[in-house]
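I set out to record what I looked up in this structure, entry by entry.

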Amino acid sequence: MSDLTQLLRRDLPASIVVFLIAIPLSLGIAAASGAPLLAGLVAAVVGGIVAGALGGAPLQVSGPAAGLTVIVAGAVADFGFAGTAAIVAAAGIVQILLGVSRLGRAALALSPAVVHGMLAGIGLVIALGQVHVLLGGAPHSNAWDNLRQLPAQIVDHHGPAALLGLLTVGILVLWPRVVKVSVLPAALVAVVGVTTLAAVWGADVVRVDLPEEPLAELITPAWPDAPIHRITVAVFTIALVASVESLLSAVAVDKMHDGPRARLDKELVAQGTANTVSGLLGGLPVTGVIVRSSTNVAAGARTRASAILHGVWIAVFVLLCASLLEMIPMAVLAAVLIVVGVKLINLAQIRTYARHGELPTYAVTALGVVFVDLLTGVALGMVTAAVLILWRLTRCEIRTVQRGPDAWLVTISGTLAFIESARLTREFGAIPPGGDVEVELHLDYLDHGAFETIKSWESAYVRSGGRVHIHEVHDSWFHRATSGRLGGGKSTPRLLGSWSRWQGINEQRRDAMAAGIAEFERSVAPMVRPHLAALARDGQRPEQLFITCADSRLVPNLITASGPGDLFCVRNVGNLVPAYRPGPSSPPGDSSVGAAVEYAVDVLGVTTITVCGHSGCGAVRALMSGATAPGSALGDWLGLSGADFSDPADEERCCTENVVQQLANLRTHPVVRAAESAGRLRLTGMYFDLAEARMYEVDPVLGVRRPVETPAA
């Protein structure tokens with residue numbers, strides 16, 4: 001598809017959809033921030049054009065964000081809007097410096113529970129304030145006053161505004177559920193529909209008020225007349241919150257598409273540039289916005305042209321059709337913001353943080369933002385996160401179970417430090433002498449003091465006539481300490497090492513397979529059983545077909561860090577994909593790989609096929625030397641490779657060229673050609689260096705290897 005065709009078929013329609021949803025959101029965010037409504041539209045234009053053109057996340061759409069509403073409202077109250085605009089411009093310069101210093105990824109070091117708790121708190125503040133506007137009143141200065149005055153506002157609400165606002169909320173909630181597939185976003189339908197009703201009804205409500213000549217009414221920024229420390233705090237608060245929100249949005253958008261991955265430092269420079277321009281033009285702060293970005297991806301955008309065009313459409317609409325915007329009741333915009341604010345309180349995230357024990361961090365941050373202020377809330381959340389980390393680092397669970405008349409099992413998991421020595425002594429002391437005791441260690445860390453406690457008890461118990469078996473799961477802290485290497489290097493974990501490596505920790509066994517199965521059923525099966533049960537019930541839906549060599553040193557799930565249900569694997573000698581042979585009269589070939597390819601593409605619907613070669617491949621060596629023993633099964637199989645090496649003396653290059661040839665063979669299969677031309681299948685080549693334990697990506701055109709780019713996280 002040519003660039004022009006892609007622009008017309010994909011990016012242009014997507015830009016219109018995003019433009020339609022951006023208009024009401026930008027106006028509503030400006031209103032909630034206590035800023036001129038034009039400032040929200042300026043930020044939307046600048047975010048679309050400047051951040052869209054310069055950004056490192058091509059499909060991310062930028063503009064005014066609900067997450068900064070509370071901060072901007074506070075700045076407007078303290079410094080006036082002209083002063084706030086200057087602060088926004090200065091915050092943009094700080095973001096540029098952070099991006100140039102390559103600190104983009106560092107902004108993601110903040111705990112996600114703190115970030116999402118902050119956004120939830122902001123969402124609650126927005127919703128509490130805008131409920132008063134929806135009811136025809138005015139918001140109060142803080143969330144507590146808004147909450148305290150809400151009953152009186154409900155009793156004394158103004159009929160037309162409340163009716164229009166509630167109708168808007170109803171449409172926003174029901175539209176996505178009733179209309180499953182639609183290019184018309186719910187916000188557009190609600191705002192246009194209810195505004196039309198208000199115009200026909202002739203409702204006497206407060207409406208949007210824009211200047212008659214927008215360009216002449218742009219606010220010129222002015223440096224605030226305030227102490228420098230207060231200005232500095234405001235600048236860095238806007239810069240840091242805008243940076244974190246933009247980068248989190250960029251990472252989230254990356255998960256929604258298969259295009260180029262986000263370059264976070266470049267994105268941060270682009271966001272800073274957009275904020276500087278927006279501030280100088282009298283606009284609100286700009287961030288990457290997940291609502292508009294996800295809409296952009298869902299609408300089919302393929303390049304940054306969509307984000308840029310949406311900014312152009314907003315500018316044209318404001319300049320030529322401002323009178324249409326002035327028909328919108330403020331209660332309608334308040335309803336849009338209430339729904340946006342409530343959606344910032346994500347129930348799925350709350351459940352996730354509850355499962356991972358991070359709900360206190362999330363809740364403390366959110367409540368701090370609501371009832372104190374944003375900076376205090378974030379600080380309290382970070383302190384809570386640090387306390388939880390320290391608690392987990394020193395947490396240890398000890399369970400003692402009697403398994404027979406004289407048999408005991410002691411399970412110790414977590415972090416075992418010297419501070420647990422007294423508890424260890426007490427637990428071990430409760431076991432009667434002369435028994436058979438198995439100590440099972442599931443440890444993340446073992447310090448020398450705790451090791452000495454266990455070792456001393458073991459020696460004393462054995463001297464008293466008992467037997468002790470110390471068994472470690474997943475790691476070998478106790479074994480290394482016994483060998484004098486505690487903290488001095490790590491042995492191979494059982495889930496990663498070969499049978500001979502991890503069995504050597506205890507005793508060599510001849511029944512390696514049976515021992516491995518027993519180890520799986522004892523230590524791994526309990527963890528994966530729920531996942532495997534779901535797969536057994538729901539069937540497999542892998543995203544990838546992974547074709548690789550049968551070499552015993554190559555373990556697909558290990559080198560890809562994948563698990564059950566992720567990969568549909570085909571393994572054979574030399575990771576070959578015989579070319580498609582269409583008719584019965586064609587020379588004999590092999591249909592097993594072709595059958596797997598057809599099943600993966602047509603039945604399973606995989607979106608990627610990866611051919612993975614590796615260093616030291618015996619099949620490639622045989623092909624290089626020509627020693628393929630014609631007439632033998634192996635010789636006949638290798639004869640299907642089709643590889644013609646440019647430099648048979650260079651083994652690594654031959655392994656790479658073999659991968660390229662198998663990708664070419666894949667494209668001879670009709671099912672692959674059809675899926676790839678339809679844009680629903682991608683072919684990739686990989687090369688795994690066994691000595692380096694490192695994966696490389698193979699360029700099928702140049703036939704060269706390059707390190708696999710680490711995804712933004």
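**Entry 1: helix α26**

I began at the end of α26, which is followed by G679, a residue with a positive phi near 80°. Helices here are DSSP runs of H or I with at least four residues, strands are runs of E with at least two, and both are numbered from the N terminus. I note that this is a predicted model, in which local features need pLDDT of at least 70, side-chain atom pairs count only at pLDDT 80 or more, and totals for chains, interfaces and linings use all residues. Residues are numbered from 1 along each chain as its sequence is written, and side-chain values use heavy atoms, with hydrogens and water left out.

I then asked which residues of α26 (residues 670-677) are buried. They are V671, V672 and A675; buried means under 20% relative accessible area, exposed over 50% and partly exposed in between, with a 1.4 Å probe and protein chains only. These residues cover an arc of only 95° around the axis, so they lie on the same side of α26. The arc is taken from the directions from the helix axis to the C-beta atoms. I recalled that an α-helix has 3.6 residues a turn, so residues three or four places apart point the same way. Among the elements covering the buried residues of α26, I found α22, β9 (608-614), α25 (651-666) and β10 (682-689); contact means heavy atoms within 4.5 Å.

**Entry 2: nonpolar cores**

I took a nonpolar core as a set of buried Ala, Val, Leu, Ile, Met, Phe, Trp, Tyr and Cys residues joined through side-chain atoms within 4.5 Å. In the largest core, of 89 residues, L27, L41, M118, L284, I314, L325 and I328 touch the most other members. Helix α3 (residues 69-100) gives the largest share of this core, 12 residues. Leaving aside neighbours within four places in sequence, I found M118 in contact with V241, T365, V369, L374 and V378. A second, separate core has 44 residues, including I547, V570, A675 and M695.

**Entry 3: aromatic pairs**

I found seven aromatic pairs. Rings of Phe, Tyr and Trp (its six-membered ring) pair if their centres lie within 6.5 Å; planes under 30 degrees apart count as stacked, over 60 as edge-to-face and the rest as tilted. The Y353 and Y362 pair is tilted, because the planes are at 35°, with centres 5.7 Å apart. Both Y353 and Y362 are buried.

F568 and Y599 also form a tilted pair, with centres 5.8 Å apart and planes at 40°. F568 lies in strand β8 (residues 567-572) and Y599 in helix α22 (residues 592-604), so this pair ties together parts 31 residues apart in sequence.
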